[in-house]
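Please open the model in your viewer and keep the sequence beside it, as this tour moves from one selection to the next.

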Amino acid sequence: MIQTPTRILLLGGTGFVGRHVCEKLTRLGCSMTVITRRARQASAIQNLPRVNVIEGDVYNLEFLTQCMQKHDVVINLIAVRQLPLKKPMCSCRRLLRKHAKTAVCTG
């Protein structure tokens, strides 16, 4: 039997892929926090069980660090649409790799 983490922090949970990941994780019984720039864009996931949507800036490393401390797993699904990568995004990825107990970074 697969043991699912109890506290997941999901970045990019309001995007196309993120919405599907949220739905799947809730079916597996996971609880999660989704950080979004605008909570009104999270209407597709706000009514899912065990999903907490908070507004915030994932490029604010102090805010992100505080959020990460309350979770066991971080999943980063933030789409990177501009090349080269913005410096804050690179810092965000380094922070995830350094401090998350379990982090999944895409891209």
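How many disulfides does the structure hold? The structure holds zero disulfides, where a disulfide is a pair of cysteine sulfur atoms within 2.5 Å.

This is a predicted model, in which local features need pLDDT of at least 70 and side-chain atom pairs count only at pLDDT 80 or more, while totals for chains, interfaces and linings use all residues. Residues are numbered from 1 along each chain as its sequence is written, and side-chain values use heavy atoms, with hydrogens and water left out.

Followed from the N terminus, the elements run β-α-β-α-β-α-β-α-β.

Next, select the cysteines C22 and C30. C22 is buried, at a relative accessible area of 0%, and C30 also counts as buried, at 1%; buried means under 20% relative accessible area, with a 1.4 Å probe and protein chains only. Across the chain, 38% of the 107 residues count as buried.

Now select T14, which sits in the loop between β1 (7-11) and α1 (16-27). T14 has 19% relative accessibility and therefore counts as buried. Show its surroundings as well: leaving aside residues up to four places away in sequence, T14 touches R19, V34, T36, Q41, A42 and I45, a contact being heavy atoms within 4.5 Å.

Finally, return to the whole chain, where 54% of the contacts between residues at least 6 apart in sequence join residues at least 24 apart.

Note on methods. Helix = DSSP H or I, 4+ residues; strand = E, 2+ residues; numbered from the N terminus. Buried < 20%, exposed > 50% of the residue type's maximum accessible area, 1.4 Å probe, protein only.
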